[in-house]
Amino acid sequence: MSPIWVFDLDNTLYPADTGLFDLVDRRITRFMVERVGLDPGRVLALRARYRDAFGVTLGGLVAEHGVDPDAYLAYVHDVPLEQYLFPDEATDRALAALPGRKVVFTNGSVDHAWRVLDRLGLRRRFDAVFDIAFMDYVPKPRPHGYRKLLDALLTPPEACRMVDDLPVNLDTARDLGMGTVLVGPAPADGHPWIERVADLPGLTRPDTA
Ligand SMILES: [Mg+2]
């Protein structure tokens, strides 16, 4: 049976060196200063504390400052994608050659995900996007969203292969019984590794490689 491929979005379906994710990151800081009114000197320390406590900055902003998650996500993803991303035919061909359903599983928003997929020319390759709202704002690598995802896909974890640029996100997937593939510039212990998604068809049996 073909696996279900569970792809991360940012820095996975496009490479980290595009600068797009750095721009989103800067908009998170800007949101905290301009919209929430936080002291710029405190923002970096606060973000680190929120990531420790909640997994993502948004969790702390909701819990401690009553931020509306949708307003936050719209603000931080309001970026000119066309300046950073371009249609990616190599990745499109690789995804087309890969048997099995494909979905996106992202700590970002569903709107951002479909916009990015549109810009990359990859939308038609994906059946669905599962975003941070789907995860009840409990982000990867917390297991909550993974369990909801497996329920929604009506599939046992062994039938899924998760592809992500962060080893910590893959660790949870592996603990739950899913296969894993790490994407990015450097390998990490415990996960099959490719440099870019376009290399995926060359990776045989990604659960055991
Ligand atoms: Mg990522």
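This is a predicted model: local features need pLDDT of at least 70, side-chain atom pairs count only at pLDDT 80 or more; totals for chains, interfaces and linings use all residues.
**Figure 1. Overall fold of the protein chain.** The protein chain contains eight helices and six strands. Along the sequence, these elements follow the pattern β-α-α-α-α-α-β-α-β-α-β-α-β-β. The radius of gyration is 17 Å, close to the 17 Å that the globule rule gives for 209 residues, so the protein chain is as compact as a globular protein of that length. Taken along the principal axes, the box filled by the C-alpha atoms is roughly 50 × 35 × 30 Å. Of the 209 residues, 37% count as buried. Among contacts with a separation of 6 or more, 61% are accounted for by residues 24 or more positions apart.

**Figure 2. Packing of helix H2 against helix H3.** Two packed helices are described by the angle between their axes and the distance between the axes. For helix H2 (residues 40-54) and helix H3 (residues 57-65), the angle is about 95 degrees and the axes lie 7 Å apart. Angles of 65 to 115 degrees count as roughly perpendicular, and H2 and H3 are therefore roughly perpendicular to each other. Helix H2 contributes Leu46, Arg47, Arg49, Tyr50, Arg51, Ala53 and Phe54 to the contact, while helix H3 contributes Thr57, Gly59, Gly60 and Ala63. Classified by residue type, the contact of H2 with H3 comprises five nonpolar, three polar and three charged residues.

**Figure 3. Surroundings of His77.** His77 is located in the loop between helix H4 (69-76) and helix H5 (89-97). Leaving aside residues up to four places away in sequence, His77 touches Val24, Gly108, Ser109, Asp111 and His112. Arg27 is 50 residues from His77 in sequence, yet the two are 7.9 Å apart in space, C-alpha to C-alpha.

Figure 4. Within helix H8 (residues 167-175), the buried residues are Asn169, Leu170 and Ala173. Seen down the axis of H8, these buried residues fall within an arc of 95 degrees, so they line one face of the helix. Their packing partners are helix H7 (143-153), strand E4 (160-164) and strand E5 (179-183). Val168 and Asp175, on the other side of H8, are exposed. Just after H8, Gly177 adopts a positive phi of about 105 degrees.

Notes: Residues are numbered from 1 along each chain as its sequence is written. A residue is buried if 20 or more other C-beta atoms lie within 10 Å of its own, exposed if 12 or fewer, and partly exposed in between; C-beta atoms are placed from the backbone. Helices (H or I, at least four residues) and strands (E, at least two) are DSSP runs, numbered from the N terminus. The arc is that of the directions from the helix axis to the C-beta atoms. Two residues are in contact if their C-beta atoms, placed from the backbone, lie within 7 Å. The radius of gyration is taken over C-alpha atoms; the globule rule is 2.2 Å times the number of residues to the power 0.38. Axes are lines fitted to C-alpha atoms, for helices over the stretch in contact, and angles run from 0 to 180 degrees between N-to-C directions. Angles under 35 degrees count as roughly parallel, over 145 as roughly antiparallel, 65 to 115 as roughly perpendicular and the rest as oblique. Ala, Val, Leu, Ile, Met, Phe, Trp, Tyr, Cys and Pro count as nonpolar, Asp, Glu, Lys and Arg as charged, and the others, Gly among them, as polar.
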